[in-house]
Amino acid sequence: MSVRTTELVDGFRHSAPYVNAHRGKTFVVMLGGEALANNHFRGILNDVALLHSLGIKIVLVYGARPQIDAGLKAAGIEPAYHNGIRITDEDTLKVIKQVAGATQFDITARLSMSLGNTPMQNAQINLVCGNFVIAQPLGVDDGVDFCLSGKVRRIDSQGLRRQLDNNCIVLMGPIGASVTGESFNLTAEEVATQVAVKLKADKIIGFSETNGLSDENGNAIAELMPNQAIEHLAKMEQDGSACTGTTAFVKASIDACRNGVPRCHLVSYLDDGALLQELFSREGIGTQIVTESAERLRRATISDIGGVLNLIRPLEEQGILVRRSREQLEMEIEQFMLIERDNLVIGCAALYPFEEDNAGEFACLVVHPDYRDADRGSVLLNNIIGQARVRGYSRLFALTTRSIHWFLEHGFNIVEVEALPNKKKQLYNYQRRSKILALDL
Ligand SMILES: CC(C)(COP(=O)(O)OP(=O)(O)OC[C@H]1O[C@@H](n2cnc3c(N)ncnc32)[C@H](O)[C@@H]1OP(=O)(O)O)[C@@H](O)C(=O)NCCC(=O)NCCS
């Protein structure tokens, strides 16, 4: 019993930084027809409800390609395509409306569930469906009329935003209305992409059979930039490993990334809880298509105080760093550089000026334990050295009790207290007996 409690408590605590990072963000979750046809889709919807209750704004876009094909078959209609795009005549649209309508009701029913002893107990979700997508006909291509197959003309992003701000989940399907009062068949991928772009969403999340994409050795690929994703798609198409749902989502992700959606995640609908693992664990589980690398070095701002405190508090508790109060950090925060990954601070260092002595202190160097030994410490040091040089300092010094060799290996020498700038000398703690290391610039 006690082990289970510890796991629960550990799990909760580990997810706290992610809960903070995702709160108030907008995610477009795309559930393709393949995912909806799988038994796990109920679990996925429960997890979507959980994201909603953690303060994430959610637009849920569903597709129904395999279900529509089955519906057409049952109605004795031969599906017609041109250049891989469905041609939607009136009879086909009738089937699509039936299938999409049924899917919408199924999802609505599931997200309305509130039975005791289920994850949905007390969830009380308001789901909104509406005319947020205005469609227009695809028209005629090569003499082939796409009839009622359409494309997105406009997204009512203000209307959508109002619903999200009202704490509703917005549910959208593969049909859009036009200004002429007709309905058009759209692809769920296009709806998801356009909605995400127009809403300036933080993420699109899609589901495929596997947990993201894998390389030629079968290893999962954690991250791809749009250009790399295009190359990867080409390879998949060449060796015949492309599957429609995944390819369509990756193409949509590339498009979304290039139009300003920072991150698109692909996880498996077969893996129970993959969505939560992807969003609430350090390394995730699927593939992300990203506009820029997940990691970047930047100057800290006042809104980073929480992130820096999360990183340094455990080291302060172990006595490795001297304790800084929140107030002190607030005053010093602009002297900090950060390494940020997925909205989390995983490394930091500060440069404190001692202008009278023409020197700077390289302070509060920390790299999160999960991310050490990959040169992040050196990256922070090099940045601080650069800043010190720009300011014309002749010396950088640091105080440490546990990382003496790290500094020696990075060109610092041990010096005596006398070598410290005057102001720092007065503050030197003779009980702590930190080693003083100096680097001539
Ligand atoms: C010191 C620290 C920032 C290094 O971060 P990092 O990203 O792992 O650094 P790098 O990747 O650039 O360097 C890694 C190398 O330093 C070594 N190293 C890491 N921590 C070390 C330490 N405390 N003492 C001596 N060497 C250390 C590693 O073994 C590795 O050596 P290798 O390349 O021979 O395997 C990190 O270990 C840390 O946060 N420590 C706790 C806080 C601390 O002591 N800060 C410094 C005092 S203010």
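The C-alpha centres of domain 1 and domain 2 lie 43 Å apart, the assignment placing residues 2–293 in domain 1 and residues 296–440 in domain 2, with bounds that come from an automatic or database domain assignment. The structure is a predicted model, in which local features need pLDDT of at least 70 and side-chain atom pairs count only at pLDDT 80 or more, whereas totals for chains, interfaces and linings use all residues. Residues are numbered from 1 along each chain as its sequence is written. Taken along the principal axes, the C-alpha atoms of the protein fill a box of roughly 90 × 55 × 45 Å. The C-alpha atoms of Gly-76 and Arg-372, which are 296 residues apart along the chain, are separated by 61 Å.

The secondary structure comes to 15 helices and 23 strands, where helices (H or I, at least four residues) and strands (E, at least two) are DSSP runs numbered from the N terminus. Buried residues make up 37% of the 441 residues in the protein; a residue is buried if 20 or more other C-beta atoms lie within 10 Å of its own, exposed if 12 or fewer, and partly exposed in between, with C-beta atoms placed from the backbone. Of the contacts with a separation of 6 or more, 71% are accounted for by residues 24 or more positions apart, two residues being in contact if their C-beta atoms, placed from the backbone, lie within 7 Å.

An open sheet of mixed pairing is formed by 8 strands in the order S5-S10-S2-S1-S13-S15-S16-S14, two strands being paired if DSSP finds at least two bridges between them. Strand S5 (126–128) and strand S14 (223–224) stand at the edges, each with a single partner strand, so one side of each is left without a neighbour in the sheet. For S14, the pairing with strand S16 (residues 287–290) is parallel over 2 bridges, and Glu-223 stands opposite Gln-288 in S16. Strand S13 is mostly covered, since 6 of its 6 residues are buried: Lys-203, Ile-205 and Phe-207 lie on one side, and Ile-204, Gly-206 and Ser-208 on the other. S13 runs parallel to strand S1 (residues 26–31), to which 4 bridges join it, with Val-28 opposite Ile-204. S13 is also joined by 6 bridges to strand S15 (residues 263–268), again in the parallel sense, and here Lys-203 stands opposite Arg-263.

When residues up to four places away in sequence are not counted, Val-61 touches Val-28, Met-30, Met-172, Ala-188, Val-191, Ala-192 and Val-195.

Antiparallel pairing joins strand S17 (residues 295–299) to strand S18 (residues 336–341) over 5 bridges, with Leu-297 opposite Ile-339. S18 in turn pairs with strand S19 (residues 344–354), likewise antiparallel, over 6 bridges, and Glu-340 stands opposite Val-345. S18 and S19 form a hairpin with 2 residues between them, and in the turn Asp-342 has a positive phi of about 50°.

Around the ligand there are 17 residues, of which Val-367, Arg-372, Gly-377, Ser-378 and Ser-403 come nearest; a residue is near a molecule if its C-beta atom, placed from the backbone, lies within 6 Å of it. Two or more residues of this shell are given by each of S20, H13 and helix H14 (404–409). The shell divides into 7 nonpolar, 5 polar and 5 charged residues, where Ala, Val, Leu, Ile, Met, Phe, Trp, Tyr, Cys and Pro count as nonpolar, Asp, Glu, Lys and Arg as charged, and the others, Gly among them, as polar.

Positive phi values are also found in two loop residues other than glycine. Asp-373, with phi of about 60°, is placed in the loop between strand S20 (359–367) and helix H13 (376–390), and counts as exposed with 7 C-beta neighbours inside 10 Å. Lys-200, with phi near 55°, lies in the loop between helix H7 (188–199) and strand S13 (203–208), and counts as partly exposed with 13 such neighbours inside 10 Å.
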